[in-house]
Amino acid sequence: MSEQRTVTDRPGAGSPTPPATGATETPPPPWRRLLSGSVGRNLGLVLALLLLVVVGAVTAPDTFTSLDNMLTILRQASIIGVISIGMTLVIISGGIDLSVGAIMGLASVVATIAAVQDLADQLHWSVMIVIALAVGAGAGLVNGIVIAYGKVVAFMATLAMLVAARGLAEILAERRTLVVEERGFITFMNTDILGVDMLIWIFAVVAALGWVLLNRTTFGRRTVAIGGNREAARLAGIDVKRHTMWLYVISGLTAGIAAVMILGRTTAGTSTHGLLYELDAIAAVVVGGTLLIGGRGTITGTVFGVLIFATLTNVFVQNNLNSSVQAVVKGVIIVVAVLLQQRFARPAGRAT
């Protein structure tokens, strides 16, 4: 009897082995799997954009649905859109860049100071473009070095760059508006290709390059890995510091491209260019489905996020509605987007 009790008292001897914890979990319903996937998120953005288009068509049928107005929406979305592409990559990696608007203003000023315009007159107007891109990438490089190697929190480092870049732009411009004198540059930036503005083409090219970089290259996969779990990415052999530095260079470069676009649109460089653009870019990225904590995001979603805000602004303008109400609606959209992220997103654990 004692031997029998010994056998039956062993754990699991007299009863079936309890199932593993994961085996008892019920699979999520199909609607949740759809919403939590990239296809579902983009589908939701498409529906939101179509809803805004319907509202605009109903409330302002004579003007909103015209081809000229559609191109106007795309033109207004283009500059913020370019900045948002760089911002998407940074946020996917778990970072943030508050300096892109100020870098854009600084690049526009440096590209239009007398010395640069004289050099462009002697050589070629493309010198202005090269200078603007170099200023943007250089400022992004400073951000990247301070954040990656100086171990300064991205929020504080880019906030410092925001203040410094805006102040430097004011010093260089002497608080004046610098007019673009190079007619070749103005003509090029205002060229229509197949009836579409150059600004829209630039946005499309940058978005396409950003999509390829994120989805079809090792660089993009490493960006997602760093955002998902920084320590695991380091242990997997990724040079996290160097990769982070290059992400901020890309963000600064997109700000430089935006500076070239704003110069072509306004034919003037000023320290006030890009004011609060960083907030608009972050809002578009978040609405587009990119997690603020990193590890997930799409360029396609960001493009839809930019278009949603541009269309919303246009609907308000077409109906002569108060801009303050527009700001409130934007805020509500951002809050709803963040709540939906928290509801449906399941990011992997991240190292602190």
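Reply: Neighbours within four places in sequence set aside, N319 is in contact (heavy atoms within 4.5 Å) with T59 and A60. A60 lies 259 residues away in sequence, yet the C-alpha atoms of A60 and N319 are 6.7 Å apart in space. This is a predicted model, in which local features need a pLDDT of at least 70 and side-chain atom pairs count only at 80 or more, whereas totals for chains, interfaces and linings use all residues. Residues are numbered from 1 along each chain as its sequence is written, and side-chain values use heavy atoms, with hydrogens and water left out.

N319 sits in the loop between α15 (299-318) and α16 (323-344); helices here are DSSP runs of H or I with at least four residues, numbered from the N terminus. A polar atom of the N319 side chain lies 2.7 Å from the backbone oxygen of V315.

N69 counts as buried because its relative accessibility is 6%. Its side chain makes a polar contact with the side chain of N314 at 2.9 Å, and another with the side chain of Q318, also at 2.9 Å. A polar contact is a pair of N or O atoms within 3.5 Å; within protein, one must be able to donate a hydrogen and the other to accept it, and residues adjacent in sequence count only if both atoms are side-chain atoms. Beyond four places in sequence, N69 is in contact with T63, F64, N314 and Q318.

Helix α4 (67-92) also takes part in another packing arrangement: the buried residues of α11 pack against α4, α10 (198-215), α12 (230-235) and α13 (240-266). Those buried residues of α11 (218-228) are F219, G220, T223, I226, G227 and G228.

Confidence should be read alongside this picture. The chain averages a pLDDT of 86, and 85% of the residues score at least 70; pLDDT is the predictor's confidence in each residue, from 0 to 100. Residues 1-16 stay under 50, and the model has three contacts beyond four places in sequence for them. Residues 347-352 also stay under 50, with 12 such contacts.

Note on methods
Helices (H or I, at least four residues) and strands (E, at least two) are DSSP runs, numbered from the N terminus. Buried means under 20% relative accessible area, exposed over 50%, partly exposed in between (1.4 Å probe, protein chains only).
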